[in-house]
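Hello,

Here is the structure I promised to pass on. Please open it first, then read my notes below.

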Amino acid sequence: MTPALEPLRRIAAYAVATDDDGRVLLVRASSRSGTPGVWSLPGGAVDHGEDPNHTVVRETAAETGLSVTVTGLQDVLADMRSLPHRGVTIHTDRLIYTVSIRGGHLIDRVGHPTDLARWHTLDEAEKLKIRPFAAAALGLGAASPDLRPDVAPTFPSFYAYEGPDGLHRAQRFAAYAIATDADQTHVLLTRIAPGYPGAGCWHLPGGGTDYGEQPGTALLRELVEETGQEGRLIELLGVASHRDAASLGPEGYPIDWHGVRAFYRVIVDDPTDVIVKDVGGSTSEALWMPLPDVRRLAESELTEVTAEALQKARLT
């Protein structure tokens, strides 16, 4: 059994880069890290209010000396690891991007959490100690060097804390669905209840993921809990990052809110009457809306993530 450790949570973004010879770019954790000598993808924590695309560019430059540009979103996944020497267990929601190299030269770093950046063939990488999420992103079967908690600790999907400006701030990772019937004639939408940010706007079914939970699993759970519909994941469509610096909700005080939301295409093969099960919560209404009616909705009637996801799914 792992000891009781303080739970923490963060959002991070990473780069999958390959060179002309098919080698992948990896960075090595230094003695200052929790897993010295372990290799990983370049990347790191998303700062409050930062777009994860910018995180990838910033962190890759800092850790490797290379300038990159984001070319696509490869995957979104989550994991837990315990760091007893720090007294914490960390849940990390990881956004994996593909990037291309624009310029620069590999650098070694002294006194930083990562100390080396190197190109490796996949055969070489499989023989390294490599973080599980990096191995998964590269399609490798490398053994895990991480210590994981036996049971996921109880932890809220977000919590507000005092920022450097004295105002409360919160960062939250969530998963949402562009859910349609099999013929794609109707889209499942929810309406935000009074007293919540975006009240009255049409929104997507979904919500914050639990500690230790994968985003796809969380989304299908939320779909049932919110609307009574059972769906299947088809594809990851994208990630939206939005900041509202003075969001006023049921907490009763303004929160500098940063939401990072993965959105997926979901098919509900057997649509049923929609039942809003969270009575008194953030959803006041949910329904199957005919696609022509969805296309007639004004942008002001939609939340930001809904408008972005519908466009990505080519439904508007």
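Strand E1 (residues 6–16) and strand E4 run antiparallel, joined by three bridges. Alanine 13 has its bridge partner in E4: glycine 44. Helices (H or I, at least four residues) and strands (E, at least two) are DSSP runs, numbered from the N terminus. Two strands pair if DSSP finds at least two bridges between them. Strands of a sheet pair through backbone hydrogen bonds, either parallel or antiparallel.

A word on the source. This is a predicted model, where local features need pLDDT of at least 70, side-chain atom pairs count only at pLDDT 80 or more, and totals for chains, interfaces and linings use all residues. Residues are numbered from 1 along each chain as its sequence is written, and side-chain values use heavy atoms, with hydrogens and water left out.

Now the whole sheet. It is open, with four strands in the order E4-E1-E6-E5 and mixed pairing. Strand E4 (43–45) and strand E5 (66–83) are the edges, and each pairs on one side only. From one strand to the next, the twist averages 20 degrees.

Helix H1 (residues 52–64) lies across E1, E4, E5 and strand E6 (88–104). H1 runs at about 90 degrees to E5. Angles run from 0 to 180 degrees between N-to-C directions, with axes fitted to C-alpha atoms, for helices over the stretch in contact (heavy atoms within 4.5 Å).

Last, look at arginine 9 in strand E1. Is arginine 9 buried or exposed? Arginine 9 is buried, with a relative accessible area of 17%. Buried means under 20%, exposed over 50%, partly exposed in between (1.4 Å probe, protein chains only). The side chain of arginine 9 makes a polar contact of 3.1 Å with that of aspartate 93. Another, of 2.4 Å, joins the side chains of arginine 9 and threonine 209. A polar contact is a pair of N or O atoms within 3.5 Å; within protein, one must be able to donate a hydrogen and the other to accept it, and residues adjacent in sequence count only if both atoms are side-chain atoms.

Best wishes
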